[in-house]
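Here is a short report on one protein model.

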Amino acid sequence: MNTGFSLKLILEYREIFDDKPLSVSEYLKGISREKMLTVGAHFLGFNNKNSRFNDHKEFLEMYFCHENNKLANNIYTKIKTIEKNKSREILILNALTSLQLFEFCFENLGKENTQTNAELEVNLFKAYLLLNQLNTQRDNIASKTTESLESEYKLAGLSLAQSFAYSDIANYDLVEAFTCQLVKAVYLFDFLKSRNDTAKLCQSFLELFNCKSSDEYLKRIIPLGISIIRNDGEGHLDINVEADEDYKINIEFLDNLVVLDHEPITDIDFRKLRTKPFYKIEKDKYRVIFGLFVIEKIFKGLYFLLRNVNATLSKSDKLKDFRSFYCEYFSERTLLYDVLHETYGGRYIEFSGSQMKESGLEAEPDYYIRRGNYVFLFESKDILINVDVKTSRDYNQIEEAFKEKFYFEVHDGKKANKAVLQLVNNIKRILNRELPFDSTYKQTSIRIYPILVIHDDQYNLSGLNVIINKWFKEEIKNLEDSGVPVDKVHDLTIIDIDTLIFYQDSFKARKIKLDKVIDEYHKYIKFDRNKKYRDKEHVHEHIKRTVVPFSIFLSNYSHSKGFVGVPSILREKGYSLFQ
């Protein structure tokens with residue numbers, strides 16, 4: 001099965017040009033800001049999957065004019081030689097460099113336009129490859145900080161350290177992203193409207209966008225996302241505001257999402273562009289900077305907006321610890337509970353964390369499902385990791401951050417158990433039949449599937465499951481050494497909430513059986529050193545498999561089985577808004 005996952009090489013300046021490079025600003029001097037912003041948005045409008053411009057010949061023929069034909073042919077020949085020698089695909093354009101280019105041009109270029117089109121093509125290409133090279137050089141930090149890792153975990157650590165900085169802007173599916181963003185946004189507003197303690201927060205948020213209701217807000221933001229996924233072409237996308245009865249309201253709404261002319265936008269992890277993913281090119285015309293950021297405004301951006309609004313409320317209306325409140329009462333007790341209950345409720349033995357707590361259990365799992373002898377044990381973690389760590393490419397920093405979120409944390413000499421240890425403790429309870437709410441099973445027959453549910457797909461990272469499963473297996477070995485039989489305990493699997501939402505119909509209809517697909521996943525990513533492989537390329541292919549995230553595996557598994565369609569939850573939660 002094709003994973004849809006490959007480790008590509010970014011084309012660097014030094015691989016094409018023999019001279020010492022100038023600075024990016026030198027190459028772009030004499031090119032107007034307006035022209036370069038159009039080019040930047042155009043590059044960012046290319047499909048991240050199956051773009052026709054991934055074909056180097058197609059891209060070079062589109063990019064270079066006849067005057068630069070000799071250079072284009074030379075570049076193409078060099079790329080093919082690199083790919084042959086290194087047995088790796090070459091990538092010229094990528095979202096990370098394209099976003100960096102857009103930021104630079106937005107802040108640093110003026111109206112000067114003295115370069116010819118032929119000169120512009122060459123100099124922009126050089127500037128782009130130079131940015132590629134600078135980004136690749138930063139990956140050396142990942143290489144250095146993973147040198148001491150055991151060979152079994154080196155690729156996982158290297159992949160994690162290198163990809164964390166940009167994985168979320170490189171590995172995504174727009175349809176899946178739009179579907180899940182919409183579903184989660186409807187869940188969130190229903191949650192906010194259902195509680196007395198969040199009524200003022202919801203009202204103040206809507207006032208920020210001059211909307212009378214959450215439905216009105218969603219009806220304004222959702223069409224922007226739809227325009228992204230319905231865009232048939234590749235390149236920049238413009239939104240034109242029609243002069244109708246809603247003209248003024250639509251203009252005011254979009255103006256909240258626009259980066260202002262000449263304001264500083266360069267920020268770590270593109271935080272400014274994530275907040276405001278449009279720029280205004282005419283009175284009634286707005287240009288999309290990056291489509292994914294527009295779609296993520298539907299739900300992902302809501303957390304930060306709500307957090308900021310909450311900080312402005314009076315003491316009586318303000319939620320004291322907004323982060324803890326949001327994670328516990330929305331992410332876990334609302335979103336996770338509802339999605340799992342809708343998928344598996346009424347057919348299996350199931351208990352939410354709240355129900356288990358009511359039965360007298362402390363340090364309970366977040367969700368428990370048993371189908372016969374198969375137990376699925378869920379721990380839900382809606383985490384945020386410091387953006388400086390995310391972009392550091394330093395494995396030691398990244399590993400420590402994930403340890404604190406998913407393994408354990410020490411404060412004032414006290415150890416606080418996180419997901420891995422919580423799962424292990426509850427596995428011990430199951431194997432010792434110590435759960436007060438469910439004990440009608442044979443301990444010798446029970447099979448346990450530990451699942452870590454994450455709530456942000458930016459943590460669907462290459463190698464992360466391998467690293468966290470390493471900690472988990474070490475703790476399971478300690479459990480075994482204490483005399484507890486653990487032969488029926490399966491490896492830990494990281495599954496993001498979006499995967500549970502998007503494939504809910506297939507899980508519910510048992511077209512995809514959770515235990516079977518988890519078994520298939522771990523079989524797929526396991527590298528058997530004793531296996532006889534066809535050749536060196538076959539070995540490399542199997543090594544690459546080891547770092548594939550579950551979400552990518554399941555996506556390709558589902559497509560190969562023909563299980564993908566419009567999830568019914570989208571119709572129930574989203575389509576009703578427009579009826």
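How many disulfides does a search of the whole structure find? The search finds zero, a disulfide being a pair of cysteine sulfur atoms within 2.5 Å. This is a predicted model, in which local features need pLDDT of at least 70, side-chain atom pairs count only at pLDDT 80 or more, and totals for chains, interfaces and linings use all residues. Residues are numbered from 1 along each chain as its sequence is written, and side-chain values use heavy atoms, without hydrogens and water.

The sulfur of C211 lies too far from that of C202 for a bond. C327 is in no disulfide either. Buried means under 20% relative accessible area, exposed over 50%, partly exposed in between (1.4 Å probe, protein chains only).

Next, the cores. A nonpolar core is a set of buried Ala, Val, Leu, Ile, Met, Phe, Trp, Tyr and Cys residues joined through side-chain atoms within 4.5 Å. The largest one has 140 residues. L28, F59, F125, Y217, F278 and L514 have the most contacts inside it. A second, separate core of 51 residues includes Y153, I383, L464 and L492.

Leaving aside neighbours within four places in sequence, F125 is in contact (heavy atoms within 4.5 Å) with residues including L11, F17, F59 and I92.

Finally, the sheet. Three strands (DSSP E runs of at least two residues) form an open antiparallel sheet, ordered β3-β5-β4. Strands pair if DSSP finds at least two bridges between them. β3 and β5 (residues 285-288) share three bridges. N240 has K285 in β5 as its bridge partner.

Terms used: Helix = DSSP H or I, 4+ residues; strand = E, 2+ residues; numbered from the N terminus.
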